[in-house]
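Hi,

Here is the model I promised to pass on.

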Amino acid sequence: MSRRTARKQAFFILYQSDVTGSPGAELVSRWRAYRGELEEYAERVVRGVERERERLDAALDEVSEGWPVWRMSAVDRTILRLALYEMLHVEDVPPEVAINEAVELAKGFSGEEAPSFVGGVLRGAEDRIFGKVGDGEPG
């Protein structure tokens, strides 16, 4: 399976965890019991987002001016956490890939304005975290 498929799997599990308050490990076990195969990458991302959730939310709060994480829709919040985790903690996923994949998830699972919101927040995070300015060169 592709990483795109694994991201979708991770998104479904993380979203369910967010709205139900169930631990990701429990939802991973349920996924396997009812749906079968779960990509290793999906499980890695679920564990990582859960472990880093407070830091991810703090970073998202910092860059999403006027939209604290708690005010975001659960779908958008989940997509942003997943993508920011990849940007910060998965070395072989360039930030632009994480951003593009997040925008695609938003197109498929959220509202009409979500892709531009998700892309804007993540580009702001990329600029702040990686010090990019202007044409993408480090500042």
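Which side chain makes a polar contact with the side chain of Arg81? The partner is the side chain of Asp18, at 3.2 Å. By polar contact I mean a pair of N or O atoms within 3.5 Å; within protein, one must be able to donate a hydrogen and the other to accept it, and residues adjacent in sequence count only if both atoms are side-chain atoms.

Some housekeeping before the rest. This is a predicted model, where local features need pLDDT of at least 70 and side-chain atom pairs count only at pLDDT 80 or more, while totals for chains, interfaces and linings use all residues. Residues are numbered from 1 along each chain as its sequence is written, and side-chain values use heavy atoms, with hydrogens and water left out.

Back to Arg81, which sits in helix 4 (residues 74–89). Helices here are DSSP runs (H or I, at least four residues), numbered from the N terminus. Arg81 has a relative accessible area of 5%, so it is buried (under 20% relative accessible area, using a 1.4 Å probe and protein chains only; exposed is over 50%, partly exposed in between). Setting aside neighbours within four places in sequence, Arg81 is in contact (heavy atoms within 4.5 Å) with Asp18, Val49, Arg53, Leu56, Asp57, Leu60 and Val69.

Now the helix packing. Two packed helices are described by the angle between their axes and the distance between the axes. The axes are lines fitted to C-alpha atoms over the stretch in contact, and angles run from 0 to 180 degrees between N-to-C directions.

Helix 3 and helix 4 have axes 8 Å apart and pack at about 95°. They are therefore roughly perpendicular to each other (65 to 115 degrees; under 35 is roughly parallel, over 145 roughly antiparallel, and the rest oblique). The residues of this contact divide into 11 nonpolar, two polar and seven charged.

Helix 1 (residues 3–20) and helix 3 (residues 40–63) come within 8 Å, axis to axis, and cross at roughly 40°. That makes helix 1 oblique to helix 3.

Finally, helix 5 (residues 95–109), where Glu101 lies. At 14% relative accessibility, Glu101 counts as buried. Its side chain makes a polar contact with the side chain of Arg4 (2.8 Å). Beyond neighbours within four places in sequence, Glu101 is in contact with Arg4 and Arg7.

Ile99 is in helix 5 too, and is buried at 0% relative accessibility. Ile99 and Val118 are 19 residues apart in sequence, with their C-alpha atoms 8.0 Å apart. Leaving out neighbours within four places in sequence, Ile99 is in contact with Met87, Gly119, Leu122, Arg123 and Glu126.

Ala98, another helix 5 residue, is buried with a relative accessible area of 1%.

Cheers

Notes:
Helix = DSSP H or I, 4+ residues; strand = E, 2+ residues; numbered from the N terminus. Nonpolar A, V, L, I, M, F, W, Y, C, P; charged D, E, K, R; others polar.
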